[in-house]
Amino acid sequence: LKGNDRIEIHKKYGWAVFKTWEFEDGKNAQRIEREALRVIRKDMHLPIFLSAKEMPQGGQTETVDAEVITLRELEKIINKAIKGLQK
C-alpha cells in the first residue's frame, strides 16, 4: 500500500510507530484522518507543531506538540472518528 510507504519514509527520519489501523478503502482512511485533524485543530485548537524544514519528508501539517496531547488521547480521537464513520 502507498500509505505504508509513508510510514517507512518517516521511520527513516527517526520516527517510531505507535499504532496503525488497517482500512480496506483508502477513502475511509482519509475521512478518519480528516476528522481527527478537525478535532485536534478546531475543537482543541492545537496548532501544527513542526515546520516543513523540520520535516523534509512531508507530513508537517499532521503534527502536534507531544507535550500538549498524549498518544492515548490521539488514539481515542481516531477511534471515535472510526466509530462515527461506521454509523
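**Entry 1**

I looked up Trp-15 and found it in the loop between α1 (2–12) and α2 (26–43), where helices are DSSP runs of H or I with at least four residues, strands are runs of E with at least two, and both are numbered from the N terminus. The model is a predicted one, in which local features need pLDDT of at least 70 and side-chain atom pairs count only at pLDDT 80 or more, while totals for chains, interfaces and linings use all residues. I number residues from 1 along each chain as its sequence is written, and side-chain values use heavy atoms, with hydrogens and water left out.

I then checked how open Trp-15 is, and its relative accessible area of 41% makes it partly exposed (buried means under 20%, exposed over 50%, and partly exposed in between, with a 1.4 Å probe and protein chains only). Together with Ile-9 and Tyr-13, Trp-15 forms a nonpolar patch on the surface, and the three share about 320 Å² of accessible area. Such areas come from the Shrake-Rupley method with a 1.4 Å probe, and for residues only the protein chains shown count as cover. A patch takes residues with over 30% relative accessible area and no salt bridge, joining like charges within 9 Å and nonpolar side chains (Val, Leu, Ile, Met, Phe, Trp, Tyr) within 5 Å.

**Entry 2: salt bridges around Glu-75**

I searched the whole structure for salt bridges and noted 6 of them, each being a side-chain nitrogen of Lys or Arg within 4 Å of a carboxyl oxygen of Asp or Glu. One of them joins the side chains of Glu-75 and Lys-19, at 2.8 Å from N to O. This pair links distant parts of the chain, since Glu-75 belongs to helix α3 (residues 71–86) and Lys-19 to the loop between α1 and α2, 56 residues apart.

Glu-75 and Arg-72 are 3 residues apart in helix α3, so about one helical turn separates them. Within it, Glu-75 is buried at 13% relative accessible area, Lys-19 is partly exposed at 37%, and Arg-72 counts as exposed at 53%.

**Entry 3: a pair in helix α2**

I also looked up Arg-38 and Glu-35, whose side chains meet in a salt bridge of 2.9 Å, N to O. Both residues lie in helix α2, 3 residues apart, which is about one turn of the helix. Arg-38 is partly exposed, with 35% relative accessible area, and Glu-35 counts as partly exposed at 30%.
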